[in-house]
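I opened the coordinates today and kept a running log of what I looked up.

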Amino acid sequence: MEALKAVKDLYPRIPNSGELTGNGGLVVVSTKRLRQRLMEEGLSEEAIKESEQIMRDEFSLLHNHLVVFKQKQALLVDTLRQLESEKVDLEDTVVDESQRQHENMSGLRQQKSAEGSASGSDDDHDRNDAAEEETDDDDDDDDDEFLDTRDFLSSSSFKSAESEFWKAPYDSDEDEGPLDIEDGMNSCIKSVGSNYPCVMRRKKLPDPVEKEKGVSLWSMIKDNIGKDLTRVCLPVYFNEPLSSLQKCFEDLEYSFLLDQAYEFGKMGNSLMRALNVAAFAVSGYASTDGRHCKPFNPLLGETYEADYPDKGIRFISEKVSHHPMVVACHCEGRGWKFWGESDLKSKFWGRSIQLDPVGTLTLEFDDGEIFQWSKVTTSIYNLILGKLYCDHYGTMKIQGNQKYSCKLKFKEQSFIDRNPHQVLGGVQEKNGKTVASLFGKWDDSMHYKINGDSRNANGSEPHALKRSQPSKHLTRYNLSRFAITLNELKPGLKEKLPSTDSRLRPDQRCLENGEYTKANEEKLRLEQRQRQARKMQES
């Protein structure tokens with residue numbers, strides 16, 4: 001591992017694989033200026049030709065050395081990529097083995113419990129007590145092993161099982177158990193969302209009509225390296241049954257954090273408001289792990305409207321520009337408003353896709369406090385070889401117009417990183433003094449620690465955000481429970497929607513229903529009509 005770290009420092013990641021190979025041609029060196037200078041000195045023609053040849057030989061030797069170095073570097077990078085792929089496969093194997101051992105242990109516990117309940121003697125009770133003590137010890141060992149394997153943020157403070165988390169009290173999943181709320185929390189915070197109505201929404205996508213056929217991604221985009229992928233037409237196999245407009249609304253899945261932030265502000269606790277806003281800014285990435293399919297590019301003028309009374313929010317988004325593609329959105333909640341615009345710049349680098357969001361998100365509370373921030377860079381790796389995965393990295397600055405602002409650092413995942421997806425940061429006052437810290441993982445949970453707070457003395461940091469449970473009806477799209485509801489078209493809703501709504505797109509609806517052939521045909525038809533409409537507007 002130390003050797004790999006040293007090699008990685010010597011040879012950093014280079015996005016463009018074309019830069020690793022030489023052109024293989026000979027170096028052409030001009031000797032015109034050298035000849036002129038030597039002629040001015042009065043040297044003979046023979047001496048001039050000999051000097052020119054010496055210079056050519058030296059440059060040729062240098063060129064050969066550079067080619068060898070580039071070849072070694074390319075081999076080294078390929079080896080690191082292979083090691084990364086083997087590392088991911090090994091981790092998957094370890095997880096499978098751990099799950100198998102856990103299942104075996106659970107079966108053994110149930111068997112012991114059944115044997116104990118069937119026996120009524122005192123000796124049997126004693127043996128059962130001993131077995132329970134042994135099982136408890138095994139549980140402790142399993143927990144320690146699990147936490148050590150996760151190595152959560154490399155901090156012993158996260159091994160405590162006493163920290164509470166704040167989760168949406170109006171979660172629509174009926175299988176969710178009671179929520180653990182901090183005992184000392186104000187009743188106004190505890191009651192957030194309790195007065196929202198219950199709305200039944202679907203929990204799975206329709207069963208596919210056709211059997212899906214795989215398509216080689218490399219065959220589709222090998223000629224588009226370095227280009228903007230928003231201009232590349234791909235078949236629906238690489239899409240998920242959602243549009244970019246609906247993806248904007250998916251960022252509001254944890255909107256209860258903004259409800260809590262509003263209540264904290266009413267109580268005069270500006271620091272807790274800032275912490276909840278920071279947790280909300282990170283929550284937009286919680287459902288992106290494993291989401292490798294591309295959302296549909298909206299047509300110019302396409303819209304999406306959502307009314308979720310069970311969350312207390314209303315939302316609308318629209319594509320307002322085609323090239324560059326700009327999406328604008330607006331959302332209203334209880335005591336706050338959220339809006340923004342997004343222009344996504346994408347580049348394909350051979351083995352990865354880099355997505356750079358351009359735009360500002362704004363959150364305004366009814367009391368006048370405003371927070372603004374921009375999203376970080378997203379990359380999808382191993383498009384050609386290895387296990388596909390995404391990563392978010394960069395610095396997110398959440399600027400407030402009153403007392404507090406926040407700065408979060410999304411750590412970029414490396415080849416040999418055992419603890420990926422880390423987010424670290426803190427809340428600062430106007431003078432730059434840090435008053436609270438935030439840490440966690442964007443795909444799991446976020447914790448906070450207030451400087452000088454005695455409640456953190458036991459090493460148990462409260463949660464600011466806990467990712468909701470994944471859907472029980474998984475598909476290859478890996479949609480979250482909330483995302484599954486975004487394209488739902490309930491009876492009577494179609495008549496209320498404008499004809500430009502994303503839920504009425506025929507290609508997207510066919511993909512959701514598993515009509516893949518028809519979805520491809522409709523996608524090509526809509527794209528062709530959009531090109532014709534654009535030509536008419538330009539003329």
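Below are my notes, starting with the whole chain and then moving to single elements and residues.

**Entry 1: the whole chain**

I first reminded myself that this is a predicted model. I checked confidence next: mean pLDDT over the chain is 78, and 70% of the residues reach 70 or more. I left both stretches alone after that.

For the secondary structure I counted 12 helices and 16 strands. Of the 539 residues, 41% are buried. The chain exposes about 29600 Å², and carbon and sulfur atoms supply 51% of that. I also looked at contact range: among contacts between residues at least 6 apart in sequence, 59% join residues at least 24 apart.

**Entry 2: strand β11 and its partners**

Which strands pair with β11? I went through them one by one. β9 (residues 370-373) runs antiparallel to β11 and is joined to it by two bridges. There, Gln372 sits opposite Gln399 of β11. β10 (residues 377-381) is antiparallel to β11 too, with five bridges, and I noted Ser379 facing Asp391. β12 (residues 404-410) makes five bridges with β11, again antiparallel. In that pairing Met396 stands opposite Leu408. The link from β11 to β12 is a hairpin with three residues in it.

I then asked how much of β11 is buried. Nine of the 12 residues in 389-400 are buried, so I wrote the strand down as mostly covered, taking under 20% relative accessible area as the cut-off.

**Entry 3: on from β12 to β14**

I kept following the sheet pairings along the chain. β12 and β13 (residues 422-429) are antiparallel and share seven bridges. Lys407 is opposite Gly426 in β13. β13 in turn has seven bridges to β14 (residues 434-441), also antiparallel, and Val427 has Ala436 of β14 as its bridge partner. β13 and β14 form a hairpin with four residues between them, and Gly432 in that turn has a positive phi of about 90°.

I went looking for residues other than glycine with positive phi. His421 has phi near 65°. I placed His421 in the loop between β12 and β13. Buried or exposed, I wondered about His421? At 9% relative accessibility, His421 is buried. Asn478 also has a positive phi, about 55°, and lies in the loop between β16 (463-466) and α10 (481-484). Asn478 is partly exposed, at 31% relative accessibility.

I also checked for a cis peptide and found one joining His323 and Pro324, with omega about 0°. Pro324 is in the loop between β4 (313-321) and β5 (326-332).

How many residues of α8 are buried? I got 10 of the 11 in residues 256-266. After α8 comes Gly268, with a positive phi near 90°.

In α9 (residues 270-283) I picked out Ser283. Ser283 has 4% relative accessibility, so I logged it as buried. Its side chain reaches the backbone oxygen of Phe280 at 2.6 Å. Leaving out residues up to four places away in sequence, Ser283 touches Asp251, Tyr254, Leu257 and Leu465.

**Entry 4: cysteines**

Last, I searched for disulfides and found zero. Cys198 is exposed, with a relative accessible area of 73%, whereas Cys510 is buried at 6% relative accessibility.

Key
Residues are numbered from 1 along each chain as its sequence is written. This is a predicted model: local features need pLDDT of at least 70, side-chain atom pairs count only at pLDDT 80 or more; totals for chains, interfaces and linings use all residues. Side-chain values use heavy atoms; hydrogens and water are left out. Buried means under 20% relative accessible area, exposed over 50%, partly exposed in between (1.4 Å probe, protein chains only). Two strands pair if DSSP finds at least two bridges between them. A disulfide is a pair of cysteine sulfur atoms within 2.5 Å. pLDDT is the predictor's confidence in each residue, from 0 to 100. A polar contact is a pair of N or O atoms within 3.5 Å; within protein, one must be able to donate a hydrogen and the other to accept it, and residues adjacent in sequence count only if both atoms are side-chain atoms. Contact means heavy atoms within 4.5 Å. Accessible areas come from the Shrake-Rupley method with a 1.4 Å probe; for residues, only the protein chains shown count as cover.
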